[in-house]
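Below are some notes for a colleague who wishes to go through this model point by point. Please read them with the coordinates open.

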Amino acid sequence: MADAAGRFSYYNRLSAKNKAIYRRGDAITSIALPDVAGLPAGLRVAAAAAARALTADKPSLVRAQAQKICDLVTGGLETERVVVKVLRVRPRRRYGELHGLYTRDDGKEPTLRVWMRTAQRADVVKPRTFLRTLLHELCHHLDYAHYRLGESFHNPGFFKRESSLMRLLVPPAQEPAADAPPPDDRPAEPASDATPADPVQLRLPEL
Ligand SMILES: [Zn+2]
């Protein structure tokens, strides 16, 4: 739940340092990609190709297009690249299925993982859900690599940034009228709760 300032309930439990990071991140409400010719079209083409490959159950093609989407964004922002891995069936977790996962600072390249199939029935994930999960994890990467926030919190600003990218990939006219909230990598508290050796797993606050 959000308070009067629109802050999620875990905000009050954060340290003063993390509260400041939360507020800085919350104030960034869109991701300003440079006005480079071909960038918006490239994103839309890659998103459509990723959706087709997902429906056709072609993991290597899905991965290539997902990587292209991330490369277009990080390249456009002239920021650190993130490696995309596309995996088969979502792992189960205590709180539900893992949709995506972002890891960094473990001595390896920043890596983003997304899964193609649900754990429940191994159905292929809906393309729109897949793309939103991809962008969600990419936004975690940008919080560290581009905005240099030092932590990546789920807050209203974070979801606005995610939505600003989603609008570039899938024009609003193509979106269904009613859409479920984005599924998450996981439910978590801020990344700061993870020990350094742990992957960064974040959980969705109650919306
Ligand atoms: Zn997240």
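1. Two strands are taken to pair if DSSP finds at least two bridges between them. The model is a predicted one, and in it threonine 103 stands opposite threonine 111, a residue of E5.

2. Threonine 103 lies in strand E4, which covers residues 100-103. Because 22 other C-beta atoms fall within 10 Å of its own, where 20 or more are required, threonine 103 counts as buried.

3. Strand E5 has two pairings to consider: with E4 the sense is antiparallel, over four bridges, whereas with E1 the sense is parallel, over six bridges. Within the latter pairing, leucine 87 has tryptophan 115 of E5 as its bridge partner. E5 is also mostly covered, since five of its seven residues are buried.

4. The largest nonpolar core comprises 40 residues, and those with the most contacts inside it are Ala50, Ala66, Ile69, Cys70, Leu131, Leu134 and Leu138. Among the elements that give two or more residues to this core are strand E1 (83-89), E4, strand E5 (111-117) and helix H4 (127-145). The largest share, seven residues, comes from H4.

5. Which residues does isoleucine 69 touch, not counting residues up to four places away in sequence? They are Leu43, Ala46, Ala47, Ala50, Leu134 and Leu169. In soluble globular proteins, nonpolar side chains tend to be buried together.

How values were computed: Residues are numbered from 1 along each chain as its sequence is written. This is a predicted model: local features need pLDDT of at least 70, side-chain atom pairs count only at pLDDT 80 or more; totals for chains, interfaces and linings use all residues. A residue is buried if 20 or more other C-beta atoms lie within 10 Å of its own, exposed if 12 or fewer, and partly exposed in between; C-beta atoms are placed from the backbone. A nonpolar core is a set of buried Ala, Val, Leu, Ile, Met, Phe, Trp, Tyr and Cys residues joined through C-beta atoms within 7 Å. Two residues are in contact if their C-beta atoms, placed from the backbone, lie within 7 Å.
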